[in-house]
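Colleague: Could you take me through this model, one topic at a time?

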Amino acid sequence: MTKKTSIWTRRSFVAGGTAALATPAILSGTRAYAQNAVIKIGHVSPRTGPLAGFAEADDYVLDAIAQAFSAGLENNGKTYTVEIISKDSQSNPNRAAEVAADLILGDEVDIIVAASTPDTVNPVADQAEINEVPCITTDCPWQPYFFGRNGVPGEGFQNTYHFFWGLEDVIGSFLDMWDGAGVAKTVGGLFPNDADGNAWGDAELGLPKPLAAAGYDLVDPGRYQPLSDDFSNQIAAFKSAGCGIVTGNMIPPDFATFWAQSAQQGFAPKVVTIGKALLFPSVIEALGERGDGLSSEVWWSPNHPFNSSLTGASSKELADGYTAATGRPWTQPIGFKHALFEVVADVIKRAEDLDDRAAIVAAIAATNLDTITGTVDWSNGPINNVTKTPLVAGQWQRDGDAMDLKIVANSSAPNIPLTGELKLLS
Amino acid sequence: MKTFRAPISGSNSLDWVNAIVQGTLLGGLYALFAAGLSLIFGVMRLVNIAHGDLIVLAAYLGLTVTTILGLHPLLALLLVVPAMALFGYILQRGILNQTLGKDILPPLLVTFGLSVILQNGLLEIYSADPQKMNAGALETASIPVGELSFGVLPVLTFAIAVAVIAALQWMFYHTALGRAFRATSDNQETAQLMGLNRRHIFGLAMALALGVTAIAGIMLGIRTSFDPSIGGGRLVFGFEAVIIGGLGNMWGTLVGGVILGVAQTVGAKIDPGWQLLAGHIAFLIILAVRPNGLFPRISE
């Protein structure tokens, strides 16, 4: 019987080791001299966890962007290779801050971008501000972004810029939709005790004042804890006040609980308009027939009359491309995620000096770009570092086999066409 | 400003009755969450951190069965309960038995790891989309009682909880299997000497516990929408119901669930912000006054 002690012999080790040591010399010899300078973009997004729905189109959008960037971007006559490094926030603000710091300090990105809710956007923007890295964010109403980061109106931030809409737009489009409905002007409010719920229910900055000004009575039983299993008390209060409309900002499981209990306890409002919970087609599908007729804000849809400044694709082409690539229905964040990189590309092309962070920030501030979500122009925002894209209101209606989000109110942005009429629930 | 808060005091007493009855019915769901936990803790002193995620797993299995076979979710129980029970037996024999010993930390850590694996596995397979099981008319049907109306589904959930707990209690005290569970619970070594295979008994206990978990998962999945991340929140309610009722006591677990449910709805009646807090406060008070719960069966 022969015994083999090791596959490594002294000779093979010396030969292999020498080769390994010599490798870098050969590799450095083959390096292309004409290699482009690289500009690195860090991207933070909630790929996993409760917010993952917002990031489900990341792969599709980033693939298209990588393709558009494949030839590099030109700045001052020089071509730059764009490298996008994407990291997962796991839907956790602490983790978002951690990966943002990692991108800034470890990967040394030149620009950092983030999207999807205050829990992702705020920690990333804060890290960028501390480390003085240019930062562009979207997909989070501007009030939680600005005030949630202790922004001072008039001063704003040095390095961080944001585009989306604000609570005033939500309120405006909701009122716009309800005014045509002709139902009792008593509104039941469901606001959770979280960043969004407190902002929406805030007596000064939230829904109460504008609703009162428009002649609506708001029945607000108070902030509830997210993931509650019971809404009987709210339902009883809405029933006794005779609410014809229910509104609020909820997460999908809470809305599902509320909506089933409403039916069980004999509460049938005519209009139900809820922020956040009713954004995604998957949520509406899960509600079955009870999903038909619910309404929500619409930030972007395939019917928005805008085109990508990068690829020239229309909203419809972008949305259809996603459905074709994945077999899933379009979602609203797709447009904003795409627009985020449109702005990045525009900034890279325009910046006076890409090695100077201050020059990049100056280029961001000077942006005036027609994106697939509307015009992004920080010179006309509601507050420092913020600019707004249009917002309309829509209602989920059965269209053939699937539910379709019809745009039913557009006073604030008449260039976005109406695609349906508001139908009452009962 | 015409904003006003919902009437609190001086509102009719019917609202309070409504809050209490709805809370009791909610307690049925919490008791279902807790029964499996109570059972395995009682038999093998195993604290199962993955319990909440196992409930969600059962809900997803139910969803898969109803989608593929077009069954009503309640009929899906016929498939999901045995599937979860089998999974429980294999889990216990394959993994958890290796970790049981004098030290309670290893099984705790292993179930914690299991919880992470389940969450991410479900996310990978089913994505983060909130899902819901469609039970048709059952979801919205209600029974009018005077001026109040109660949902058929919560009433059914409560009835199932009572039936499950009665069945478990009967099994514990009137069957050979129950005797084996009690013997192993009292003294593992002696039970082993008397010819009981402790590993097999533990496997059966976990199988039974996950069978009950399957029912809890399906009832949850009909009541509300779920996604892979909601398990942790349900675990807390399950634990609290077990502790309030007293460790290892099945009827105590039902009482614990009802106390938790009523505390929540009555808390919410005062102010919706108090809903979850009131439940936790009720739990803390009982823990302070009776550290072993209301009806402890196990003396430590």
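Colleague: In which sense do strand β12 and strand β13 of chain A pair, and over how many bridges?
Modeller: This is a predicted model, in which local features need pLDDT of at least 70 and side-chain atom pairs count only at pLDDT 80 or more, while totals for chains, interfaces and linings use all residues. Residues are numbered from 1 along each chain as its sequence is written, and chains are lettered from A and ligands numbered from 1 in the order in which they are written. As for your strands, β12 (residues 368-371) and β13 (residues 374-377) of chain A pair in the antiparallel sense over four bridges. Strands here are DSSP runs (E, at least two residues), helices are runs of H or I with at least four, and strands pair if DSSP finds at least two bridges between them.

Colleague: What do β12(A) and β13(A) form?
Modeller: They form a hairpin with two residues between them, and within this pair A:Asp370 has A:Thr375 of β13(A) as its bridge partner.

Colleague: New topic: what is the strand order in the open sheet of chain A?
Modeller: The seven strands follow the order β2-β3-β1-β4-β5-β6-β14, with mixed pairing. At the edges stand β2 (73-75) and β14 (386-388) of chain A, and each has a single partner strand, so one side of each is left without a neighbour in the sheet.

Colleague: And how do β5 and β6 of chain A pair?
Modeller: Strand β5 (residues 135-138) and strand β6 (residues 160-164) of chain A pair in the parallel sense, again over four bridges, and here A:Ile136 stands opposite A:Tyr161 of β6(A).

Colleague: Which strands does helix α13 of chain A lie across?
Modeller: Helix α13 (residues 333-350) lies across β1, β2, β3 (78-88), β4 and β5 of chain A, and runs at about 165 degrees to β4(A). Helix α4 (residues 118-131) of chain A also runs at about 165 degrees to β4(A), while lying across β1 (37-45), β4 (111-115), β5 and β6 of that chain. Such angles run from 0 to 180 degrees between N-to-C directions, with axes fitted to C-alpha atoms, for helices over the stretch in contact.

Colleague: Over to chain B: is α10 largely enclosed or left open?
Modeller: In α10(B), 19 of the 21 residues are buried, so this helix is largely enclosed by the rest of the structure. A residue is buried if 20 or more other C-beta atoms, placed from the backbone, lie within 10 Å of its own, exposed if 12 or fewer, and partly exposed in between.

Colleague: How do the axes of α9 and α10 of chain B cross?
Modeller: The axes of α9 (residues 231-245) and α10 of chain B come within 7 Å and cross at roughly 120 degrees. Among the residues making the contact are B:Phe237 of α9(B) and B:Leu260 of α10(B), where contact means C-beta atoms within 7 Å.

Colleague: How many residues of chain B are in contact with chain A?
Modeller: 42 residues of chain B are in contact with 43 residues of chain A, and the largest share of the chain B side, six residues, comes from α1(B).

Colleague: Last one: where is A:Gly154 found?
Modeller: A:Gly154 is in the loop between α5 (142-146) and β6 of chain A, and counts as exposed because it has 7 C-beta neighbours inside 10 Å. The C-alpha atoms of A:Gly154 and A:Ile383 are separated by 7.3 Å, although these residues are 229 residues apart along the chain.

Methods
Contact = placed C-beta atoms within 7 Å.
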